[in-house]
Amino acid sequence: MDPNTVSIFDLSPPEKLQLVEDLWDDLAATPANVPVHEWQKEELARRKANLEKNPASGLSWDEVRRRVRKRYDR
C-alpha cells in the first residue's frame, strides 16, 4: 500500500459525514439504479396494506417530527 494514500478511516468525523452525504446524494440522483430486494418490496407492501386497513395506525409528518424533537430535546 502506498504510504501517501489516505484511507477513509483517516478522515475526521466531519469529513466522514460529508462523504456519506455525497454518496447518499449520488445514489438519490438515480434511484432506479439502487437495487431493492424482494423482501423489502414485500415489507413495504405489508406496511401499506396495514395502513390502508387501519389508517389511524399511521402518524402525520407533524406528529413524527414532534416526537423526534421531544425525544432529542430539539
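User: Where do Arg-66 and Glu-63 lie, and how many residues apart are they?

Analyst: This is a predicted model. Arg-66 and Glu-63 are both in helix 3, with a spacing of three residues, about one turn of the helix.

User: What makes the contact of Arg-66 with Glu-63 a salt bridge?

Analyst: The rule asks for a side-chain nitrogen of Lys or Arg within 4 Å of a carboxyl oxygen of Asp or Glu. For Arg-66 and Glu-63 the closest N and O atoms are 2.7 Å apart, so the contact is a salt bridge. Salt bridges with shared partners also join Glu-43, Arg-46 and Arg-47 into one network.

User: Which salt bridges involve Glu-43?

Analyst: Among them is the one with Arg-46, at 2.5 Å from N to O. Another is with Arg-47, at 2.7 Å from N to O. Both values are within 4 Å, so both contacts pass the rule. Glu-43 and Arg-46 sit three residues apart in helix 2 (residues 38-53), about one turn of the helix. Arg-47 and Glu-43, also in helix 2, are four residues apart, again about one turn.

User: How many salt bridges are there by this rule?

Analyst: The count is five.

User: Why is Arg-47 called exposed, and why is Arg-46 called partly exposed?

Analyst: Exposed means over 50% relative accessible area, and buried means under 20%, with partly exposed in between. Arg-47 has 54%, which is over 50%, so Arg-47 is exposed. Arg-46 has 48%, which falls in between, so Arg-46 is partly exposed.

User: What makes Glu-43 partly exposed?

Analyst: Glu-43 has a relative accessible area of 24%. That value lies between the 20% and 50% cut-offs, and therefore Glu-43 counts as partly exposed. Arg-66, with 45%, counts as partly exposed because that value also lies between the cut-offs.

User: Is Asp-62 buried or exposed, and how do you know?

Analyst: Asp-62 has a relative accessible area of 52%, over the 50% cut-off, so Asp-62 is exposed. Asp-62 is in helix 3. Its C-alpha atom is 37 Å from that of Ile-8, a residue 54 positions away in sequence.

User: What makes Asp-73 exposed, and where does Asp-73 lie?

Analyst: The relative accessible area of Asp-73 is 72%, which is over 50%, so Asp-73 is exposed. Asp-73 is in the segment after helix 3 (61-71). Between the C-alpha atoms of Asp-73 and Thr-30 there are 35 Å, for a sequence separation of 43 residues.

User: Why is Lys-41 called partly exposed?

Analyst: Lys-41 has 44% relative accessibility, which lies between 20% and 50%, so the label is partly exposed. Lys-41 belongs to helix 2.

User: Which residues form the nonpolar patch?

Analyst: Ile-8, Phe-9, Leu-19 and Leu-23 form that surface patch, with about 420 Å² of accessible area together. Ile-8 lies in the segment before helix 1.

User: What elements does the chain have, and why is the chain called more spread out than a compact globule?

Analyst: The chain has three helices and zero strands. Its radius of gyration is 19 Å, whereas the globule rule gives 11 Å for 74 residues; the value is well over the rule, so the chain is more spread out than a compact globule. The C-alpha trace spans about 60 × 35 × 20 Å along its principal axes.

User: What share of the chain is buried?

Analyst: Buried residues make up 0% of the 74 residues. The chain exposes about 7,400 Å², of which carbon and sulfur atoms supply 58%.

How values were computed
Residues numbered from 1 in each chain as written. Predicted model: local features only at pLDDT ≥ 70, side-chain atom pairs only at ≥ 80, totals over all residues. Heavy atoms only, no water. Helix = DSSP H or I, 4+ residues; strand = E, 2+ residues; numbered from the N terminus. Buried < 20%, exposed > 50% of the residue type's maximum accessible area, 1.4 Å probe, protein only. Rg over C-alpha atoms; globule rule 2.2 N^0.38 Å. Areas by Shrake-Rupley, 256 points an atom, 1.4 Å probe, with all protein chains shown as cover. Patch = residues over 30% accessible without salt bridge, like charges linked within 9 Å, V, L, I, M, F, W, Y side chains within 5 Å.
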